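Welcome! Please take a look at the protein shown here, and then read on for a short briefing.

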Amino acid sequence: MKKIVSLFVLSALLFAGLQLTAQTQVYLNLSGAIPTGDFADGDENEWGLLTEDNEGGAGLGLNAGLKIKIATGVNGLWGMVTLDGIFNGLNSDLRDAFEDVVDAGESNYNDFSLTTPKYLNLPVMGGVNYTYNFNPKFGVFAEAGLGADLHIITKMEEYLETSYIKKTTTIEYDPKVSLAYQLGAGIELSKRITIGINYYNLGTEKIKGKATEKIKYTNGGSDSDSDKFTLKRITPTMVMLRVGIKL
């Protein structure tokens, strides 16, 4: 966790320093986050958060972030720093499968609930942006960045209650930091609005965590057990369809 804290403290200081630089442009980026490849694949039989597979089972998500462009003195060429927050839920196959689990649980137990995991990625990258303006109203750009990503997977938890027991099963996933990169291109309108597409590869990390089971008996007493686990690697990759607004 010390590495994670250091990474984001450094990012905050970097952004603060850039704000003091005279020739900078700051954009608020908003977009959809479309998972690709193995990150998008996955169902109840092959899903890397529970089984020995590489599929992430991620669904359509949302992204909000900042892009700061720093003048280099070369016409059209900018240094670039980006900070993003990217949220993805589960894909439709997994959502349907878990809906069936909930329906069965509500039918068979006195009380039943299920919380499914979500993906949160927080990449920080530095890179270059080249913008060519045909006129004050229209330009095109291409960009690339390299940096680090903090992977966070929220917990999965199942609760069930019968006449005899109350059982909670929780799976918690360890946060990870990995190398990340992005490539992008788009258009610029009136030097204030950008519309573009970016590809993000947020690195690969083994899925690690801890599974815990807690049981309370209605006639008194309790029991608990926990085990750490390591699964295969998942690589978050996605395409961003993005709108940027100059601040």
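Helices (H or I, at least four residues) and strands (E, at least two) are DSSP runs, numbered from the N terminus. With that in hand, the protein chain has 3 helices and 13 strands. This is a predicted model, in which local features need pLDDT of at least 70, side-chain atom pairs count only at pLDDT 80 or more, and totals for chains, interfaces and linings use all residues. Residues are numbered from 1 along each chain as its sequence is written, and side-chain values use heavy atoms, leaving out hydrogens and water.

**The whole chain**
- The C-alpha trace spans about 75 × 35 × 30 Å along its principal axes.
- Of the 247 residues in the protein chain, 41% are buried (under 20% relative accessible area, with a 1.4 Å probe and protein chains only; exposed is over 50%, and partly exposed lies in between).
- Among contacts (heavy atoms within 4.5 Å) with a separation of 6 or more, 74% join residues 24 or more positions apart.

**A look at Ile 195**
- Which strand holds Ile 195? Ile 195 sits in strand β10, which covers residues 193-201.
- The relative accessible area of Ile 195 is 40%, so this residue counts as partly exposed.
- Leaving aside residues up to four places away in sequence, Ile 195 touches Phe 141, Gly 186, Ile 187, Leu 189 and Arg 242.
- Gly 244 is 49 residues from Ile 195 along the chain, yet their C-alpha atoms are separated by 6.4 Å.
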